[in-house]
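Dear colleague,

Please find the structure below, handed over for your records. My notes on its salt bridges follow.

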Amino acid sequence: MNDFIVGLIVGLATTFVVMIVLLSKNSATKKDSAKEIERLKKMLTDRMELESEGISKLKKENEELKQQNENLRISLHAFREKPGRKEMQRLQVYQTAADRLSLNSPGFAPVWQAALKESEEEFRKTFLGLSPFVKKPISMKASDATLITQDDDLSGDV
């Protein structure tokens, strides 16, 4: 029975030693795993911050591009509203004709000034909404159209 007790003690001691070794290895593995998890969490946090910054920069750039697009749309609309080259030439022809009539016709200047003031007052009322805006078609005479066409040929691109 003595041998049995000695064998039992040796077996239990061996089991105890093996268990202590396994527990120490297990705790070392747990520490390594915890360190790896912390490292991965830190990497994930850093990546999320970088992506968040990138997304916020993209959103800001998107807003700036939307603003630029709106500004360009407004500029394009304003550019479309500006009188074109032919309209400017037509106005220049009218101005030259009115100046010649003022100089060459003695009674034209006072009548012209009165008609101009009436037209300005009518435009002001239309602009303020006091009278309805009725678009009257401006008829171009054949001689005026020829004059504009000749001006186009002579002046080239203005």
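Asp46 is partly exposed, with 34% relative accessible area, where partly exposed lies between buried (under 20% relative accessible area) and exposed (over 50%), using a 1.4 Å probe and protein chains only. Its partner in a salt bridge is Lys42, at 3.6 Å from N to O; the term denotes a side-chain nitrogen of Lys or Arg within 4 Å of a carboxyl oxygen of Asp or Glu. Lys42 is exposed, at 55%.

The model is predicted: local features require pLDDT of at least 70 and side-chain atom pairs count only at pLDDT 80 or more, while totals for chains, interfaces and linings use all residues. Residues are numbered from 1 along each chain as its sequence is written, and side-chain values use heavy atoms, with hydrogens and water left out.

A search of the whole structure gives 4 salt bridges. Among them is the pair Glu36 and Arg39, whose closest N and O atoms are 2.5 Å apart. Both residues belong to helix α1 (residues 2–81), with a spacing of 3 residues. Glu36 is partly exposed at 36%, and Arg39 is partly exposed at 40%.

Glu70 and Arg73 also form a salt bridge, at 2.6 Å from N to O. They are 3 residues apart in helix α1, about one helical turn. Glu70 is partly exposed at 33%, as is Arg73 at 47%.

With kind regards

How values were computed
Helix = DSSP H or I, 4+ residues; strand = E, 2+ residues; numbered from the N terminus.
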